[in-house]
Amino acid sequence: LEATLSVKTGDKSQASLLLQRSMSELSDGDRSAGGILAYARIHSWCMQTTSEGISNRRDRLMHPSQSSSETNVMYDIQKWLDDERELKALGQEELGPGFKITALYRIATDKLREKLKTREHQIDMDGTYTSETAKYNDLLKYSLDIVGRDSYYSGREASSIPKNSKI
């Protein structure tokens, strides 16, 4: 497989560099697995940078899955923000604030989603923000604050009760 990849990739392509790095990382006894490792890396790189790969990444960005629990919401939002940053680094346009707000709702658990709806309704009624971007920034900060605060207090409540005390 290594010989085939070497012929197909050319001398100065990104795939050729990935092949050379894969082969250099292996010891002499593991050289037979180098072609497989290189193929996996080349495939991964192509899927991240080709139009099909970018399309798949954008689809996942626009349709994030709901967090499994309240404790995972902050991690999932941060991961979603990182994924968006990576797409922008690949030259893709930033999602509009309406899409971002919808993504926050999709990531949020049912409990947080209700709090976000209340907050968004309050923003709309107050006329606090005139732009969707400002509204999104507020909802993002609010959701991270709520999740962080709730997890902080739930941890404190559990640890503040002595184990041998009778309630």
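The secondary structure of the protein comes to 8 helices and 0 strands. The model is a predicted one. From the N terminus on, the order of elements is α-α-α-α-α-α-α-α. The protein has 167 residues, and 29% of them are buried. Its accessible surface comes to about 11100 Å². Carbon and sulfur atoms account for 52% of that surface. Contacts between residues at least 6 apart in sequence were also examined. Of these, 58% join residues at least 24 apart.

The nonpolar core comes next. In soluble globular proteins, nonpolar side chains tend to be buried together. Here the largest nonpolar core has 23 residues. Ile77, Trp80, Leu112, Tyr136 and Leu140 have the most contacts inside this core. Two or more core residues come from each of α4 (51-62), α5 (70-89), α6 (97-107), α7 (110-126) and α8 (132-160). The top contributor is α8, which gives 6 residues. Trp80 shows how residues from separate parts of the chain meet. Leaving aside residues up to four places away in sequence, Trp80 touches Leu61, Pro64, Leu95, Lys100, Ala103, Ile107 and Tyr136.

Helix α4 has 12 residues. From its first C-alpha to its last, α4 reaches 16 Å, close to the 16 Å expected at 1.5 Å a residue. Gly53, Ile54, Arg57, Arg58 and Leu61 are buried in this helix. These residues lie on the same side of α4, because they cover an arc of only 135° around the axis. Glu52 and Arg60 are exposed on the other side of α4.

Helix α5 has 20 residues, which should span 28 Å at 1.5 Å a residue. The C-alpha atoms at its ends are 30 Å apart, which agrees with that expectation. The buried residues of α5 are Val73, Ile77, Trp80, Leu81, Glu84 and Leu87. Seen down the helix axis, they fall within an arc of 120°, so they line one face of α5. Thr71, Tyr75 and Ala89 are exposed, on the face turned away from the buried side. After α5 comes Gly91, which has a positive phi, near 95°.

Ala108 sits in the loop between α6 and α7. Ala108 counts as buried because its relative accessibility is 1%, and the cut-off is under 20%. Leaving aside residues up to four places away in sequence, Ala108 touches Gln66, Arg113 and Leu116. In sequence, Ala108 and Val147 are 39 residues apart. In space, their C-alpha atoms are 9.7 Å apart.

Side chains of opposite charge can pair when their charged atoms come close. A search of the whole structure finds 13 salt bridges. One of these joins the side chains of Lys117 and Glu114, at 3.8 Å from N to O. Both residues lie in helix α7. Because they are 3 residues apart there, about one helical turn separates Lys117 from Glu114. Lys117 is partly exposed, with a relative accessible area of 42%. Glu114 is also partly exposed, at 47% relative accessibility.

Another salt bridge connects two helices. The side chains of Lys135 and Asp124 meet at 3.0 Å, N to O. Lys135 lies in α8 and Asp124 in α7, so the pair ties together parts that are 11 residues apart in sequence. Lys135 is buried, with a relative accessible area of 9%. Asp124 is partly exposed, with a relative accessible area of 46%.

Lys135 also forms a salt bridge with Glu132, at 3.9 Å from N to O. This pair lies within helix α8. Glu132 and Lys135 are 3 residues apart, about one turn of the helix. Glu132 is partly exposed, at 39% relative accessibility.

Conventions. Residues numbered from 1 in each chain as written. Predicted model: local features only at pLDDT ≥ 70, side-chain atom pairs only at ≥ 80, totals over all residues. Heavy atoms only, no water. Core = buried A, V, L, I, M, F, W, Y, C linked by side-chain atoms within 4.5 Å. Buried < 20%, exposed > 50% of the residue type's maximum accessible area, 1.4 Å probe, protein only. Helix = DSSP H or I, 4+ residues; strand = E, 2+ residues; numbered from the N terminus. Contact = heavy atoms within 4.5 Å. Expected span 1.5 Å × (residues − 1). Arc of directions from axis to C-beta. Salt bridge = Lys/Arg side-chain N within 4 Å of Asp/Glu carboxyl O. Areas by Shrake-Rupley, 256 points an atom, 1.4 Å probe, with all protein chains shown as cover.
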